[in-house]
Each structure stands twice: as structure tokens, then as C-alpha cells.
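Subject: Structure for you to look through

Hello,

Here is the structure I said I would pass on. Please open it first and keep it beside the notes that follow.

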Amino acid sequence: MAEIMLKSLAHSYLESPRHAEDFAIREMTHVWQQGGAYALLGPSGCGKSTLLNIISGLLVPTSGEVHFDGNVVNPLPPEERNIAQVFQFPVVYDTMTVYDNLAFPLRNVETSETKVSERVEEVADVLDLTSLLKRKAKNLTADEKQKVSMGRGLVRDDVSAILFDEPLTVIDPHLKWKLRRKLKEIHQRFNITMIYVTHDQLEASTFADKIAVMYEGQVVQFGSPRELFERPGHTFVGYFIGSPGMNFMRVRASDGHLYSGDVLLPITSSSLYENVTRCTSDNIQLGIRPEFIEVHDTPVERALESEVIQVQDLGTYSILSLRLGNVALKARVEEGEPLPADKAYIHFPEAWTGLYVDEYRVESGDE
Ligand SMILES: Nc1ncnc2c1ncn2[C@@H]1O[C@H](COP(=O)(O)OP(=O)(O)OP(=O)(O)O)[C@@H](O)[C@H]1O
């Protein structure tokens with residue numbers, strides 16, 4: 001088991017990369033601590049598999065170092081890195097029994113048969129595979145095969161880390177939830193560093209204590225599911241996490257006030273105002289999640305009048321599509337709360353309103 005550090009790591013699939021866009025991984029330094037349950041979350045093509053393959057040694061990075069417990073492992077081939085990797089599609093030997101499949105990684109490193117049977121039985125028990133141990137793998141369903149693949153990753157207790165690359169893709173939707181819980185349980189029981197790659201925010205949040213959100217080859221935020229929701233560090237995290245994503249409004253400061261277009265925003269935080277006036281960039285936005293906008297059906301002090309464009313009834317809550325000046329916003333109203341018809345009076349609580357300059361969050365002194 002190991003702490004994994006990526007030091008000034010960058011990777012391009014091109015021979016002579018010149019621009020930032022030529023890199024699948026843009027230069028980054030990142031630490032995965034020993035024993036952590038991590039998710040690597042991001043849209044298709046952001047570099048997740050590239051990063052995993054660099055850690056496991058399947059891919060040699062263009063520059064930078066990979067450290068396991070402080071030792072550089074760049075020159076080591078995958079088999080010497082002690083990394084278990086579980087891929088999207090099951091990797092099992094069809095002609096072997098489930099038992100022999102699970103025993104394979106242990107027998108490869110000449111483990112005694114007593115230890116083999118101990119570990120195989122333990123892992124089979126955790127993954128509910130005990131009744132299938134004598135079956136040939138070719139007779140298993142896709143779900144069962146993927147559980148065997150996972151089991152092969154878990155069976156050695158000397159691995160540095162287990163990397164999961166979208167492991168639930170082939171799993172039946174109703175079993176996905178169960179397996180996610182199972183992986184969490186396994187993590188707690190075996191205390192192994194686990195990195196779980198996914199593009200699904202729900203999968204990431206159920207599995208991981210900390211999530212690294214990747215966007216265009218960079219980790220734009222590394223935090224708990226709650227931090228990513230409450231204080232997205234980058235506009236992409238705001239859009240990508242939550243449903244619907246965070247609202248962003250372009251803002252400017254003038255005469256002691258903040259404006260979005262022609263709308264004067266009744267924001268009293270002086271440090272927020274000062275931060276905006278200090279910016280040299282013209283890419284300045286305020287971000288607020290639909291869940292945190294206060295919605296009233298009658299005028300109230302400091303609330304802004306907005307036009308209701310659409311109401312989407314989603315059972316226990318509704319999502320309002322609003323227009324404030326020329327800005328489109330979404331707001332969430334819980335069941336039982338007054339639902340505005342034509343006009344909604346909205347208020348942005350300052351504790352939940354973030355300032356974003358050049359897409360990154362800037363903390364104001366008030367927080
Ligand atoms: N073997 C390759 N040769 C050239 N370009 C590649 C290769 N593999 C990946 N890429 C490119 O590198 C970038 C990152 O790809 P990568 O597969 O790491 O992303 P990902 O986040 O894992 O996406 P997905 O979820 O679709 O697998 C993409 O632009 C992709 O097209």
C-alpha cells in the first residue's frame with residue numbers, strides 16, 4: 001500500500017507538443033494519500049484513463065515523475081509496480097473456475113496454497129461469489145464476471161493501490177448501487193488506496209471520500225463531495241456537479257454596486273465588491289446553485305423581480321427557469337413551498353454566492 005505522488009506530470013500523445021491543448025495531461029502535481037478512497041471524475045476525453053495508465057505503468061509520461069512512497073517508479077514496468085487495475089470490461093480466464101481466476105494473481109507471486117485459499121475465500125465472501133467458486137468463468141453473467149475481475153484486483157494484500165477504470169459500465173443498473181456500496185465496504189475493510197475513475201457524479205460521491213475533478217487534462221478541484229457541491233473551485237465543477245448545474249452571471253462593479261447586465265445586484269459584501277474592482281480580467285462571474293437561490297412569489301426586501309419562463313415539476317421539488325434582465329437562471333423550489341407563476345422574486349444569499357475570475361473561484365475576505 002502506498003502514497004502515490006504525481007510530480008510535475010504531463011503527457012502528450014503527440015511527438016512534438018507545442019500548445020497546452022496538445023497535452024492529454026497538462027502539467028500537474030497531485031498526491032493520493034495511502035489508504036484513501038478517491039474518485040477521478042470528469043467528462044469523456046478529459047484524461048482520466050491516461051492518468052490511470054501512467055500510474056500503473058502502462059503508459060510512459062512525456063515529463064514528470066510518479067512516486068510511490070517517495071520512490072520514483074518511472075523506470076518500473078507495470079508488473080513491478082504492484083498495482084491492481086480493474087477495467088470497464090471484465091478480464092477473466094473463461095476456461096478457469098472462479099476459484100482459479102481469483103487465485104491467479106496470488107499463484108503468480110508464488111503464494112502458499114493455504115494462503116491462497118484463505119484470501120480467495122475472504123474475497124469471494126465479500127463479493128458474494130462463494131457459491132460460484134467451482135463454476136467455469138465462461139458460464140457467468142457479465143455482472144458476475146466483473147465481480148471476479150474486481151476480486152482479482154483485491155485478492156493480493158501487498159498491492160500499492162487498486163485503480164478502477166469505470167468498472168460498473170457492464171453492470172446491470174439495479175446492481176450498480178449494491179456494488180458501489182460493496183466497494184466502499186471493501187475499502188474500509190482492507191485499507192487500500194483506491195482510485196475510481198468515472199464520469200458519473202453519483203458514482204464518485206457514493207464511493208469516494210475525496211474527488212479529483214478533471215477537465216481538459218487538469219485536476220481543477222480536489223475535495224469532498226460536499227466541498228465540490230457547496231464551494232466549487234472552478235466553473236466547470238459548478239456545471240458538472242449538481243443537477244441542474246450552478247448558475248453563473250457575468251458581473252461588473254460600478255458606483256459602489258455590482259451589476260449583471262443592467263440589473264443592480266443587492267449584494268452588500270464590501271470585500272466581494274472590492275475583489276471585483278481589483279480584477280484586471282473581464283471574465284468575472286458570480287455563481288450560485290439553484291438550490292441556494294431564495295424564491296418568493298411576492299415582492300420582498302432585497303429580492304429581484306425575475307420572469308418565470310418554465311416550471312418543471314419533478315415530484316418532491318420543482319425547477320424554475322427564470323430570466324433576470326438578460327440572464328437565464330435556474331432555481332429549485334421544494335414541494336410545499338409557494339411556487340411563483342409569472343414573476344419570481346429572488347434573493348442570492350451571500351454565503352452561497354461565489355466569485356469566479358477566469359473560471360476559478362476567488363474567496364472573499366468575509367468567508
Ligand atoms: N492512444 C492515444 N493516442 C492518441 N490520443 C489519445 C490516445 N488515448 C487517448 N487519447 C486522447 O487523449 C485525451 C484524453 O483521453 P483519455 O482516454 O485519457 O480520457 P478519458 O477521460 O479517460 O475519456 P473516456 O472517459 O472517454 O475514456 C483525449 O483527447 C483522447 O482523444
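A residue is called buried if 20 or more other C-beta atoms lie within 10 Å of its own C-beta atom, exposed if 12 or fewer do, and partly exposed in between. Thr62 has 19 C-beta neighbours inside 10 Å, so Thr62 counts as partly exposed. Please bear in mind throughout that this is a predicted model.

To stay with Thr62 for a moment: Thr62 sits in the loop between helix 1 (48-56) and strand 4 (63-68). If neighbours within four places in sequence are left aside, Thr62 is in contact with Ala10, His11 and Ser12.

The chain as a whole

The protein chain has 367 residues, and 38% of them count as buried. Nine helices and 22 strands are found in the chain. The C-alpha trace spans about 75 × 50 × 35 Å along its principal axes. If you take contacts between residues at least 6 apart in sequence, 67% of them join residues at least 24 apart.

How many residues of domain 1 are in contact with domain 2? Five residues of domain 1 are in contact, and they meet nine residues of domain 2. On the domain 1 side, the touching residues divide into one nonpolar, three polar and one charged.

The ligand

Around the ligand are Tyr13, Ala24, Gly42, Ser44, Gly45, Cys46, Gly47, Lys48, Ser49, Thr50 and His199. This shell divides into three nonpolar residues, seven polar and one charged.

Strands of a sheet pair through backbone hydrogen bonds, either parallel or antiparallel. Six strands form an open sheet in the order 6-7-8-3-9-10, with mixed pairing. Strand 6 (83-86) and strand 10 (218-223) stand at the edges; each has a single partner strand, so one side of each is left without a neighbour in the sheet. From one strand to the next, the twist averages 20 degrees. Helix 4 (residues 142-154) packs on this sheet and touches strand 6 and strand 7 (161-165). The direction of helix 4 makes about 170 degrees with that of strand 6.

Strand 9 (residues 210-215) pairs with strand 10 in the antiparallel sense, over five bridges. You can follow the pairing residue by residue: Tyr215 stands opposite Gln218, and Ile211 stands opposite Gly223. The two strands form a hairpin with two residues between the strands, and there Glu216 takes a positive phi near 45 degrees.

Another open sheet has three strands in the order 12-13-14, and its pairing is antiparallel. Which strands stand at the edges? They are strand 12 (252-254) and strand 14 (263-265); each has a single partner strand, so one side of each is left without a neighbour in the sheet. The twist here averages 45 degrees from one strand to the next. Strand 12 and strand 13 (residues 257-260) are paired over three bridges, and the bridge partner of Ser254 in strand 13 is His257.

Another hairpin

Strand 18 (residues 317-324) and strand 19 (residues 327-334) run antiparallel and are joined by eight bridges. Leu322 has Leu329 in strand 19 as its bridge partner. Two residues lie between the strands of this hairpin, and Gly325 in the turn has a positive phi of about 60 degrees.

Arg302 is found in the loop between strand 16 (294-296) and strand 17 (304-313). Is Arg302 buried or exposed? Arg302 is exposed, because 12 other C-beta atoms lie within 10 Å. Apart from neighbours within four places in sequence, Arg302 is in contact with Pro266 and His347. The C-alpha atoms of Arg302 and Tyr13 are separated by 53 Å, and the two residues are 289 residues apart along the chain. Tyr13 is one of the residues around the ligand.

Regards

Notes
Residues are numbered from 1 along each chain as its sequence is written. This is a predicted model: local features need pLDDT of at least 70, side-chain atom pairs count only at pLDDT 80 or more; totals for chains, interfaces and linings use all residues. A residue is near a molecule or strand if its C-beta atom, placed from the backbone, lies within 6 Å of it. Ala, Val, Leu, Ile, Met, Phe, Trp, Tyr, Cys and Pro count as nonpolar, Asp, Glu, Lys and Arg as charged, and the others, Gly among them, as polar. Two strands pair if DSSP finds at least two bridges between them. Helices (H or I, at least four residues) and strands (E, at least two) are DSSP runs, numbered from the N terminus. Axes are lines fitted to C-alpha atoms, for helices over the stretch in contact, and angles run from 0 to 180 degrees between N-to-C directions. Two residues are in contact if their C-beta atoms, placed from the backbone, lie within 7 Å.
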